[in-house]
Amino acid sequence: MLSLLLKSIRSRIIPTSLVTISLMASMVLLLSIERIQQGAEEGFNQSISGVDAIIGPRSSSLELVLYTVFHIGRPTNNITTKTIDDIRQRNDIDWIVPIALGDSHKDFRVVATESNYFEHIKYANNKSLTLSKGKVFSDLSEVVLGADVAEKLNYIVGSKIQITHGSTESTSNKHDDFLFEISGILNKTGTPIDQAVFLDLKGYELLHLGWKSGRKVFSLDKIDLSTIPKEDLNPKTLTAAFVGLKSKLTLFNFTKSIREYPNEAISAVIPGIALSELWSIVGLVDKGFQLLSWIIIAISLIAMITLIIASLENRKHEMTIYRANGASPRFLSGMVVYEALFIGLVAIFGAIILVSIVTYFATSQLNSTLGISPAFKWISFGEVKVFSIILLAGVLSSLIPAIMVFRKNLHQTLN
Amino acid sequence: MIQKIFATFLIFLSVNSFAIVVTDEYLSTLVSNWSRLEPAGAYDFIPEDLSYETYMDPDFLAKLDEAGKKLNNTLEGQDIALPGFMVPIEFKGTNVSKFLLVPEAGQCIHVPPPPLNQTLLVDASSEPTKLRDLYIPIIVYGRISVGSQSFDIADSGYTITDAVIETLSFSDEAYINNIEDNND
Amino acid sequence: MLKATGLKYRYQYGNTIQFPEIEIERGQRLLISGFSGCGKTTLLSLIAGTLKLQDGDITFDKHEYSKMSSILLDKFRADHIGYIFQTLNLIPFLSVSENIALGIKFSSTRKSKVNDLSQEVVRLITSLGLEEEILNTPIDHLSVGQQQRAAVARALLGMPDLILADEPTSALDNDTTKKFLREVMNTFDPSHQAIIMVSHDLSIASYFDTVIDFNKHNA
């Protein structure tokens, strides 16, 4: 039957192909949306590991996580260094890494922090940050680059760069009097860390020393750096601080204390919770798109059945000849069902290939914009389920024309 | 052919995990497991006729705090089932490999945090579980191990390993009953 | 071999046709003429087993049609009967040889009687006056006569017992008709096979052993 069916389809190749492509495209739509969302979620989740809480000004917890971890959005408030120094004394804390954000280098975010950042901040299930070249900054004039920064801008250890105040290139806001030297380049992590430039908090403070009220008052090369008292180079405010606790079970007590800290309005955000909230929101949008895609798939299946029913009239001749030669009505209706099955399988196979291509491009896009790198896979169990449902729906709905053919041919004259 | 496809479809459906629904009695048993985490007699210092004054006395409050840190060592190595809520700590892809289990929802945000002996670190690294929103009730089945009672090292408090996690679903009836009970 | 008695068929739109009694043995050639309307197709469909008997009996080599389910009838037809239509016998998207091979596609019995398919096909078509090249010619390049001959080859492939032909020469001119019938009668195997042909053209009666005039029967 297969060769007869294939040849029959070939004689109706254009409408059949159109219907198959329509079905294929709608499946690609459904799966791509799902994959992209999953990829983004995975990538985000893998971006931070081992940080129990993030201390920041009292604001939306999601916002805090977004700008401190993913460098999305801007900090609008600061916390004082004094508060962090105070909190440092607590004995439930294992380590604390303060950071300051707000500057950029050629559109890459600058993260000012202490050198212990590279020891405590991990990603993807406890993987440590490692350097591919050079070493962590040890002087306030040194910077460490994320892997993508070095690659995209062709920097090597020893190159000298400028840092801009604020987050985009602005000719008047360049600190063009002072150049930082690249001391090290990090290995690729597949997280936003790859797209960041790291410098010491003191270097960051130095950068802003010549500025008062947003205006450059003096150039740094006009001042003898050794005359500046070391304490003055400690920044007075910070954006946030990452915290690791000795025992994770004390997490809630910790966040409560921070919330009740008397001297400043701060709070401690648990990254897992913030991310979980993010995915709830995203999940709603995702479900909306999925529903839409399923509707389109249903429409494509209806188109396929319509095509088959329409073609039955044309195939009367063909079917009568089979019938005269001994084919049962069951054979004829079987051909209809197998045709639907065949179209479905071809559409699915094509969809798998197309989705892989789409995923590939989407993944590299996610990588270049957000720095995250989700893993690639050919097909997942959930997707197999989706395909099975669609195939089953297609085959079941082909029973309509199949029964039509069956009944028409059951007791018929041959003409 | 069609039958084969249909059968495969049914098998796929059954492999889906749905939330489990439990009876009220079973749920009460599970909820009572939380009190097993407190060592026997830990709260014996609370007098029968507690006066408001005592309740607000800082020494009394300090004793409550202390009692909340006490661990029940007899639970070491035992299998336990606890209903509660998930606070994700560690992710693996889109799943959660480590989370804190707390008895009430929202405990890390609005409501005062639970005592240290009513929080557990659940280690699902061998088989990471689906992320559930903070307010989705779950049941955790696993083996409990009791760590140090001084909470300034990593290996302290209760940890559950070999965890199996199920989402819990309440029928509307059960929910209404619970409200009535609470109003007594 | 085949006996059809008391056949009566009542159509949807009310009228009933009564068919003549038909009896045929192996080696015989029967011509039935005098039909108007679709009576002929009805009769052939009853004998072929695609139309369910209403009144009367058909027995073919001890098989009683009235006792057979439609599935059995279909199988029976595949094994024992070859059918030729008036026109459009061939499926356009299949080659000539694929069309002819349809004759044994639905019957393992007939398939087993063919040792070498391509050889047998060539034998049949040359016996029917066709060239071998025809096997690879697209259907729409064939003349009607060539198409009909290919249809005969299909009906004969695998040696079914009975050949049914529904006005196969109506679209052919006189000379082609004569040539066609000569080749058909030469090719079919009188030791095993029989032919029942329906045609309004009584001039071809000489090619047949028996002629039943339906008009006379119904008069």
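This is a predicted model: local features need pLDDT of at least 70, side-chain atom pairs count only at pLDDT 80 or more; totals for chains, interfaces and linings use all residues.
Figure 1. Is C:Thr41 buried or exposed? Count its C-beta neighbours inside 10 Å and you get 21, so C:Thr41 counts as buried, given that the cut-off for buried is 20 or more. Leaving out residues up to four places away in sequence, C:Thr41 touches C:Asp166 in its own chain, plus A:Thr413, A:Leu414 and A:Asn415 over in chain A. For a sense of scale, look for C:Leu51: it is 10 residues from C:Thr41 in sequence, and their C-alpha atoms are 10.0 Å apart.

**Figure 2. Where chain A meets chain C**. Here 19 residues from chain A and 26 residues from chain C make up the contact. On the side of chain A, two elements give two or more residues each: α1 (2-11) and α10 (316-324). Which one gives the most? That's α10(A), with five residues. Sort the chain A side by class and you find 10 polar, five nonpolar and four charged residues.

**Figure 3. Helices α3 and α9 of chain A packing together**. Helix α3 (residues 61-69) and helix α9 (residues 271-314) of chain A have axes 9 Å apart and pack at an angle of about 105 degrees. Because of that angle, α3(A) is roughly perpendicular to α9(A). From α3(A), look for A:Ser61, A:Leu62, A:Val65 and A:Val69; they meet residues of α9(A) including A:Pro271, A:Ile273 and A:Leu278. This contact has eight nonpolar residues, along with one polar and one charged.

Note on methods: Residues are numbered from 1 along each chain as its sequence is written. Chains are lettered from A and ligands numbered from 1 in the order in which they are written. Two residues are in contact if their C-beta atoms, placed from the backbone, lie within 7 Å. Helices (H or I, at least four residues) and strands (E, at least two) are DSSP runs, numbered from the N terminus. Ala, Val, Leu, Ile, Met, Phe, Trp, Tyr, Cys and Pro count as nonpolar, Asp, Glu, Lys and Arg as charged, and the others, Gly among them, as polar. A residue is buried if 20 or more other C-beta atoms lie within 10 Å of its own, exposed if 12 or fewer, and partly exposed in between; C-beta atoms are placed from the backbone. Axes are lines fitted to C-alpha atoms, for helices over the stretch in contact, and angles run from 0 to 180 degrees between N-to-C directions. Angles under 35 degrees count as roughly parallel, over 145 as roughly antiparallel, 65 to 115 as roughly perpendicular and the rest as oblique.
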